[in-house]
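Morning, everyone. I have one structure to go through today, and I will keep it short.

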Amino acid sequence: MTETGVPAIQIQDLSKQYRRYSMAGISTIKDLFVKGFLGRERVARDTFWALRNVTLAVPEGRTIGLIGPNGSGKSTLLKLITGILKPTAGSISVNGRISALIELGAGFHPEFTGRENVYLNGAMLGMSKAEISDRFDEIVGFAELEEFIDAPVKTYSSGMYMRLGFAVAVAVEPDVLLVDEILAVGDESFQHKCLRRINEIQNRGRTILFVSHDLSKVEKLCHMVAWLDHGTLRMAGEPQAVIDAYLADVDRADERALRAVNKATEHQRWGTREVEITGVRMLDARGEERAIFDSGEPVVIEIAYRADRRVEDPVFGIGLFRSDGLQCYGSNTDIDGVTLPYVEGEGTVRFVADGLDLLAGEYLLDCAVHRRDHHPYDYHVRLYRFAVRSEIKDSGVFRPAHRWEDRR
Amino acid sequence: MASGVPATLREIIRFRDLVTALVVRELKMRYRGSVLGFVWSFLNPLLLMLVYALVFSFFSRHQIENYTVFVLTGLLPWLWFSLGLSHSVGSIVSGGPLIKKIVFPVEILPLVAVLSNLANYLLSLPILLLFYLVGGVTLTAWALFLPVLVVVQFVFMTGLCLILASINVYLKDVEQVLGNVLTLTFFLTPILYPASLIPDRFRVLLYVNPLAPLFEAYRNILFEGRAPAWEGLAGLGLLSLVVLAAGFFTLNRLRDAFAEEV
């Protein structure tokens with residue numbers, strides 16, 4: 001099992017075509033059986049290549065990250081490796097027992113208790129009753145469900161459900177573990193716990209294939225990374241190199257997508273519109289509209305307004321929120337001691353930041369114009385999205401401009 | 001992936017704990033939430049028997065001694081047969097969410113439907129025994145032959161179920177047609193009446209219906225306490241093996257695309 005040189009997963013010229021079969025050309029009962037069901041040549045109506053000529057070898061004991069945009073074939077590849085789907089062409093060989101975390105708690109029955117579901121789910125994942133009994137306490141302990149294990153799972157919170165699903169799936173002790181995006185769900189402490197368990201599995205020399213959109217997690221966990229794009233393997237190798245190339249490629253696409261979202265949202269807006277915010281743009285140092293910024297980069301938030309009648313002494317404000325709702329910053333012209341005597345007709349107000357020192361992540365932007373006594377003219381709440389990108393793996397909310405000094 | 005009957009059987013054996021767990025789940029599920037719970041698995045066939053006994057003692061001129069016991073003897077294995085088929089035909093389709101996410105031998109799903117209904121049949125045997133005692137029908141040593149009949153019916157049903165459940169993935173019409181075919185088969189098979197009651201010009205029905213010798217045999221060994229008609233039974237035994245092989249063949253041919261189709 002620890003033979004070196006033998007890949008744990010060997011994928012050779014793998015292609016997968018999805019088809020919808022049509023009943024055209026089948027007119028008799030005999031045709032139905034000969035051509036329709038048992039025949040090898042079925043009449044395909046629409047075809048679509050989910051994967052094309054993918055060749056990849058994962059050495060034993062390594063962790064490989066699979067990245068790529070939605071619909072690039074990551075999940076298809078995972079299902080082909082598990083054997084849930086069959087390849088259209090090419091081959092896959094997997095060395096050892098395989099377990100897939102594709103959906104936690106798949107096969108749980110809501111009416112049954114946690115205990116019954118552990119046995120049932122474990123059996124589905126290929127464990128014998130004796131194996132499950134041996135590991136039962138460990139499973140329940142990991143899931144932190146000692147008190148609830150005899151309650152029906154329909155009474156569980158979604159977090160409890162996930163914990164139990166994860167606990168059963170990793171109890172299989174596979175040689176090859178496939179993980180599909182599951183760490184994106186659950187609360188923070190559960191995610192940490194899962195990551196720790198995955199680290200343990202790594203340390204035991206198991207092979208892991210890890211699918212995620214969370215590039216920083218991929219970079220932290222994986223020894224190598226493969227990037228899929230529209231069903232083909234664009235690049236595979238060192239995590240840093242592949243992720244950089246991937247980011248450079250998706251930036252342009254993401255910018256477009258984020259801006260489309262900005263244009264499309266029209267909800268969460270209130271106010272009398274005596275002064276109306278007609279547009280909000282985020283600009284970089286060169287005055288170009290952007291939706292993704294590097295941490296620390298200068299940013300201008302430009303608020304365009306229109307006031308049909310003269311309005312005295314308006315206050316313009318902005319708020320920056322992390323996508324989980326945490327307010328990172330908020331201010332307005334009043335707080336900052338800036339007075340706009342009046343507005344009339346069209347114009348713009350700019351919030352100019354010399355450096356946006358937020359950490360990498362997705363953010364939402366509020367813009368508002370109101371009277372000094374907070375009578376609302378126009379509030380745009382969480383209507384604008386932007387992302388901050390950073391190569392540095394620091395943690396928290398913001399990065400104060402700083403340096404380290406060694407004073408010996 | 002390895003196909004062929006031996007490999008398939010090995011897979012099923014490897015997952016035997018899953019089969020057991022699913023059968024137990026099936027049995028628990030069926031009556032969970034009803035007040036009488038498991039009693040229903042006895043009560044249902046009894047009520048059905050009562051209906052047929054009533055109807056037939058009104059309309060049939062033929063007077064069969066101990067008719068209720070007579071009917072019950074055939075009705076119980078029939079319920080196993082018909083419920084087993086109806087439950088398994090859609091089992092692969094309704095197991096779709098599992099098939100897409102977990103790798104396990106799909107044949108387990110129809111098999112579980114056959115087995116859980118077999119369990120119901122076996123559990124209802126004590127009731128049958130009770131009726132025999134009350135009705136004054138004495139069992140002979142031929143009753144010990146029952147396991148053989150159960151095995152034959154099991155093999156035959158499993159084969160049929162594999163074929164129907166596989167095809168139903170592509171052609172949902174199978175599920176719709178099955179109910180009607182079962183009703184027709186019920187009346188064409190000597191369950192409510194003895195084979196001897198069939199007029200000569202319709203006797204051909206007995207020979208083309210593979211279930212006829214089986215249900216005759218159930219009554220022969222239990223109700224009448226004598227040897228079954230060997231030729232018919234041997235024929236069915238052979239046919240069962242053929243059907244089972246056909247079942248695995250159909251399933252293995254179609255299984256590769258199940259995860260995409262369900």
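I will take the domains, then a helix pair, then the strands. Keep in mind that this is a predicted model.

Start with the overall layout. The domain assignment of chain A gives domain 1 as 7-251 and domain 2 as 265-389. Between the C-alpha centres of domain 1 of chain A and domain 2 of chain A there are 43 Å.

Now the helix pair. In general, two packed helices are described by the angle between their axes and the distance between the axes. Here the helices are α5, residues 158-171 of chain A, and α6, residues 188-203 of chain A. Their axes come within 11 Å and cross at roughly 5°. Angles under 35 degrees count as roughly parallel, so α5(A) is roughly parallel to α6(A).

Which residues of α5(A) meet α6(A)? On the α5(A) side they are Met162(A), Arg163(A), Phe166(A) and Val170(A). On the α6(A) side they are Phe190(A), Cys194(A), Arg197(A), Ile198(A) and Ile201(A). Sorted by class, the contact of α5(A) with α6(A) has seven nonpolar residues, two charged and no polar ones.

β14(A) pairs with β17, residues 361-371 of chain A, through nine bridges, and the two run antiparallel. Within that pairing, Phe316(A) has Val369(A) in β17(A) as its bridge partner. β14(A) also pairs with β15, residues 327-332 of chain A, through five bridges, again antiparallel. There, Ile318(A) is bridged to Ser331(A) in β15(A). β14(A) and β15(A) form a hairpin, with four residues between them.

Last, an open sheet. Three strands of chain A form it in the order β11-β13-β16, and the pairing is antiparallel. What are the edge strands? They are β11 (276-283) and β16 (342-353) of chain A, each pairing on one side only. From one strand to the next, the twist averages 15°.

Within this sheet, β13, residues 299-312 of chain A, is joined to β16(A) by eleven bridges. One residue pair to find on screen is Val311(A) with its bridge partner in β16(A), Val343(A).

That is the end of my list.

Key
Residues are numbered from 1 along each chain as its sequence is written. Chains are lettered from A and ligands numbered from 1 in the order in which they are written. This is a predicted model: local features need pLDDT of at least 70, side-chain atom pairs count only at pLDDT 80 or more; totals for chains, interfaces and linings use all residues. Side-chain values use heavy atoms; hydrogens and water are left out. Axes are lines fitted to C-alpha atoms, for helices over the stretch in contact, and angles run from 0 to 180 degrees between N-to-C directions. Angles under 35 degrees count as roughly parallel, over 145 as roughly antiparallel, 65 to 115 as roughly perpendicular and the rest as oblique. Contact means heavy atoms within 4.5 Å. Ala, Val, Leu, Ile, Met, Phe, Trp, Tyr, Cys and Pro count as nonpolar, Asp, Glu, Lys and Arg as charged, and the others, Gly among them, as polar. Two strands pair if DSSP finds at least two bridges between them. Domain bounds come from an automatic or database domain assignment.
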